Amino acid sequence: GGGGGTGTMAAAAAAAEQPRKEADPGPGDSQEEQEEAAARRPDDFGVETAEEATEPSEPDINELCKDMFTKMSAYLQGELTATCEDYKLLENMNKLTGLKYLEMKEIAVNINRNLKDLNQKYASLQPYLDQINQIEEQVTALEQAAYRLDAYSKKLEAKFKKLEKR
């Protein structure tokens with residue numbers, strides 16, 4: 001049947017595990033045992049003859065098939081469970097990432113709102129800033145005039161003292 005290859009290997013393994021007999025057949029050996037002993041004689045260079053493998057009985061094959069299907073089922077169940085767990089992990093990671101992006105969006109909206117408020121405040125302060133710049137220019141011009149006036153007053157004082165000494 002379908003399990004002939006497995007049965008042959010099992011029979012060969014079972015034959016290999018049996019203890020080896022002496023090369024010379026004994027008087028009480030069966031015909032098959034005598035042929036085996038003849039096959040192992042030193043003049044044969046260690047070549048053995050193969051036994052015909054017999055297939056295991058039907059109950060053994062059925063048990064082996066049941067065992068194989070049980071183990072394969074357990075293996076596939078484990079694989080599917082691991083895959084499901086991987087997908088659950090990915091789903092949780094996606095949910096957390098979505099929440100993080102939502103938080104980041106809220107932060108960006110707040111930053112945008114605050115930036116607009118600052119720009120409006122700066123625009124409302126701009127006329128005052130322009131006035132401050134004008135006053136600064138006027139103060140600089142006034143300061144220059146004061147230095148010139150101081151220099152002129154020093155010259156006048158010097159002339160007055162000169163005239164007073166005469």
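1. The accessible surface of the protein comes to about 15000 Å², and carbon and sulfur atoms hold 59% of it. Accessible areas here follow the Shrake-Rupley method with a 1.4 Å probe, and for residues only the protein chains shown count as cover.

2. This is a predicted model, in which local features need pLDDT of at least 70 and side-chain atom pairs count only at pLDDT 80 or more, while totals for chains, interfaces and linings use all residues. Residues are numbered from 1 along each chain as its sequence is written, and side-chain values use heavy atoms, with hydrogens and water left out.

3. Read from the N terminus, the order of elements is α-α-α. Helices (H or I, at least four residues) and strands (E, at least two) are DSSP runs, numbered from the N terminus. Helix 3 covers residues 58-165.

4. Of the 166 residues in the protein, 4% count as buried. Buried means under 20% relative accessible area, exposed means over 50%, and partly exposed lies in between (1.4 Å probe, protein chains only).

5. Contacts were also counted by distance along the sequence. Among contacts in the protein with a separation of 6 or more, 30% join residues 24 or more positions apart. A contact means heavy atoms within 4.5 Å.

6. How many salt bridges does the count come to? The count comes to five, where a salt bridge is a side-chain nitrogen of Lys or Arg within 4 Å of a carboxyl oxygen of Asp or Glu.

7. Glu91 counts as partly exposed because its relative accessibility is 42%.

8. Lys154 pairs with Asp150 in a salt bridge, at 3.6 Å from N to O. Because Lys154 and Asp150 are four residues apart in helix 3, about one helical turn separates them. Asp150 has 37% relative accessibility and therefore counts as partly exposed.

9. Glu157 and Lys161 also meet through their side chains in a salt bridge, with an N to O distance of 3.5 Å. They are four residues apart in helix 3, so about one helical turn lies between them. Glu157, at 43% relative accessibility, counts as partly exposed. Lys161 also counts as partly exposed, because its relative accessibility is 46%.
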